[in-house]
Amino acid sequence: MPHGCDQTASIEHEFEGEGIEGQNEDNHSEGEGIEGQNDDFSDSEDSDFIIDEDNIVDDPGIDMKEFLLNIDKDVEWLGTHETSQVILEESREKDELEDVDWEVKTYIQEHKCLQSRDVKACTYKFLSQQIVQQIDSNPNIPTRALQEQLQREYQVDISRMKVFRAKSEAHNQVRGDYACQYAILRDYVLELKTRNPDSTVKIEVENEPNPDSATRTFKRIYICLGSLKKGFQAGKRDYLGLDGSFMKGPYPGMILTAVGLDGNSCTYPLAYAVVEAENINSWTWFLSCLGDDIDLHTNSNFTFVSDRQKGLLQAIGTLFPCAEHRFCLRHIHENMKLQWKGKAFKDMLWKCATTTTVQEFNHAMEEFRQLNNECYKWLKAIPAQHWSRSHFTGRAHCDGLLNNLCETINNQLRDARDQPIITCLEFIREYLMLRIVTVQKAIDKAPGPLTPTATSILEKNKTDAAQCKGVFCGNGKYQVTGPWMEQCVVDMIHHTCSCRKWELTGIPCKHSIVAIWDMRKNKQDTGLPETWVHPTYWLKTWKDMYSFKIEPINGRRMWQKYACPTTLLPPKHHVPIGRPKKKRTKSALELEDMTKGSRASRKEKSVTCSACKKVGHNKRSCKGQGASSGAGDGKRGSKRKGVIAGKNLKKG
């Protein structure tokens with residue numbers, strides 16, 4: 001019954017063991033303080049209750065918790081008996097009315113009062129118990145939708161903040177408390193290493209001035225699963241991208257990742273860590289652990305690509321001075337846009353970066369100098385071996401200019417960055433485990449002998465090679481000429497071409513394909529052009545890379561207790577002012593690109609066409625870009641596909 005309803009009830013009071021019926025008004029019960037009662041129990045009204053002996057209701061099926069009696073506000077509800085007796089107690093005279101029972105005699109069921117939707121018993125803790133299963137199955141349900149659902153279900157007014165607190169409490173019950181998970185972190189590590197052999201897990205704690213202390217403060221953790229370690233070594237590509245992303249929970253920190261490339265030019269995460277901050281000390285510790293896992297030494301010829309994070313340049317230069325370190329071209333352009341904006345500067349930067357020979361690079365830089373001398377000097381101050389293909393070595397068999405492989409992984413891990421420490425690590429492990437299984441399905445469908453990406457690149461080079469012709473010069477060398485006075489020298493013995501594309505990617509360029517065709521024409525045993533591709537692009541290598549699977553682990557209740565005398569405590573932190581931010585703060589340049597005049601532009605920002613899977617337009621305004629990808633499932637798509645095919649046929 002809603003709160004605030006006036007309910008009239010008749011009550012007959014009786015004292016246990018006193019025999020109150022039949023007594024006259026001169027008899028009083030000892031210690032009970034009840035006066036003014038008559039002998040025949042005639043209808044009368046007391047200051048605390050109403051007595052009515054004519055209308056008696058004795059229905060055990062009535063639950064008196066559903067109703068409120070018209071009794072003085074100083075009388076409190078205590079409970080019911082099986083005979084529908086109502087026990088009341090007067091607050092001012094508790095000692096005098098301890099043994100008094102009150103029985104309901106008359107109940108008026110019809111209510112005409114205004115219903116109130118404000119119930120004090122509807123607390124956020126009560127609501128959290130009701131929605132804990134729903135939060136477990138759908139943790140991202142909006143607070144507004146949850147509020148509307150609870151209001152319809154319980155027919156009470158619930159504020160949005162109360163629903164938010166209930167949702168947070170339910171989240172804590174599902175995923176665990178932030179601070180408590182640090183105490184069982186060593187148990188999780190023991191279970192992880194038991195189920196995944198050859199895995200490397202290292203925990204570092206803060207320096208404790210008291211060695212006899214029973215607690216240690218968590219500082220950082222590094223994880224490299226054994227299956228990922230073996231798969232990366234089977235991929236035969238010495239190339240890694242390094243990046244970091246912020247933790248969004250109550251405890252600050254950074255998630256550092258090391259991501260490689262497989263034979264299909266897709267990301268292959270190798271190792272990850274949760275550290276206190278992004279600085280020289282943390283990057284040095286992370287790279288040192290990574291070098292021990294993949295056998296990197298001071299003189300190792302390895303290739304790294306990064307965004308020039310804080311402390312990363314110094315860490316790589318100290319630990320691996322012989323390694324090749326590439327800078328992400330996108331971040332170089334972001335720094336350039338601070339002073340020189342415009343499409344012309346961006347196009348010239350990419351032209352200089354995509355050149356494959358030193359001569360072409362010098363010509364492009366000269367054009368840049370003529371465009372703007374100050375910008376030319378700024379760009380020239382960055383060594384070309386860090387950002388231009390013309391100065392890259394061919395050790396990695398990759399000509400990548402961006403660090404988007406790490407950005408892709410960071411985007412997949414965005415839901416883990418505001419979770420407790422163990423929940424965050426488990427989210428990453430489960431994502432990697434499922435990803436290997438997903439790629440395995442694509443491998444089973446690949447025809448071979450190369451990966452799908454390598455096959456498409458090689459087929460394109462074959463098409464371009466049809467416009468070139470080669471001349472054999474002896475000693476395994478060919479002179480290949482093409483359109484627009486293009487001429488290169490191919491060395492089939494050393495697998496090189498003067499255009500350097502074969503050396504950079506490991507896939508024969510169009511000039512080398514012409515030489516292979518000429519060798520087969522002269523009855524030489526050369527095999528197919530696919531056999532000249534570097535082994536990292538072979539389908540067999542791709543299968544070997546993903547043959548190592550990540551093993552699942554048991555639940556928390558089945559973990560063994562780690563034998564350690566100390567207990568881990570969460571890292572120290574201070575609560576920042578204001579509501580915690582969930583989205584990344586965009587730079588002024590990004591906001592500038594998103595605006596068009598005085599209004600925000602949606603061009604190539606959020607709209608993705610469901611037909612062609614490209615950004616910048618939707619399905620309604622699609623011009624048929626997705627016709628070749630089989631996007632037309634319905635009548636409209638089929639008609640559009642036929643129109644585009646007709647246009648192409650007419651042009652041909």
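The model is a predicted one, in which local features need pLDDT of at least 70 and side-chain atom pairs count only at pLDDT 80 or more, while totals for chains, interfaces and linings use all residues. Residues are numbered from 1 along each chain as its sequence is written, and side-chain values use heavy atoms, with hydrogens and water left out.

Helix H2 covers residues 143-154. Helices here are DSSP runs of H or I with at least four residues, numbered from the N terminus. The expected span of a helix is 1.5 Å times one less than its number of residues. For the 12 residues of H2 this gives 16 Å, which agrees with the 16 Å between its end C-alpha atoms. After H2 comes glutamine 155, whose phi is positive, near 55 degrees.

Which residues of H2 are buried? They are Thr143, Leu146, Gln147 and Leu150, where buried means under 20% relative accessible area, computed with a 1.4 Å probe on protein chains only. Seen down the axis of H2, these buried residues fall within an arc of 100 degrees, so they line one face of the helix; the arc is that of the directions from the helix axis to the C-beta atoms. An α-helix has 3.6 residues a turn, so residues three or four places apart point the same way.

The buried residues of H2 pack against helix H1 (124-137) and helix H3 (160-175). Contact means heavy atoms within 4.5 Å. Between H2 and H3, Thr143, Arg144, Leu146, Gln147 and Leu150 meet Arg160, Val163, Phe164 and Lys167. The two helices pack at an angle of about 105 degrees, with their axes 9 Å apart. H2 and H3 are therefore roughly perpendicular to each other, a term for angles of 65 to 115 degrees.

Aspartate 187 lies in helix H5 (residues 185-195) and counts as buried because its relative accessibility is 9%. Residues up to four places away in sequence aside, aspartate 187 touches Trp559, Gln560, Lys561 and Tyr562. Its C-alpha atom is separated by 8.7 Å from that of arginine 556, 369 residues apart along the chain.

Histidine 386 is placed in the loop between helix H12 (373-380) and helix H13 (404-412). With 18% relative accessibility, histidine 386 also counts as buried. Its side chain reaches the backbone oxygen of histidine 325 at 2.6 Å. Beyond neighbours within four places in sequence, histidine 386 is in contact with His325, Arg326, Phe327 and Phe392.

Methods
Buried means under 20% relative accessible area, exposed over 50%, partly exposed in between (1.4 Å probe, protein chains only). A polar contact is a pair of N or O atoms within 3.5 Å; within protein, one must be able to donate a hydrogen and the other to accept it, and residues adjacent in sequence count only if both atoms are side-chain atoms. Axes are lines fitted to C-alpha atoms, for helices over the stretch in contact, and angles run from 0 to 180 degrees between N-to-C directions. Angles under 35 degrees count as roughly parallel, over 145 as roughly antiparallel, 65 to 115 as roughly perpendicular and the rest as oblique.
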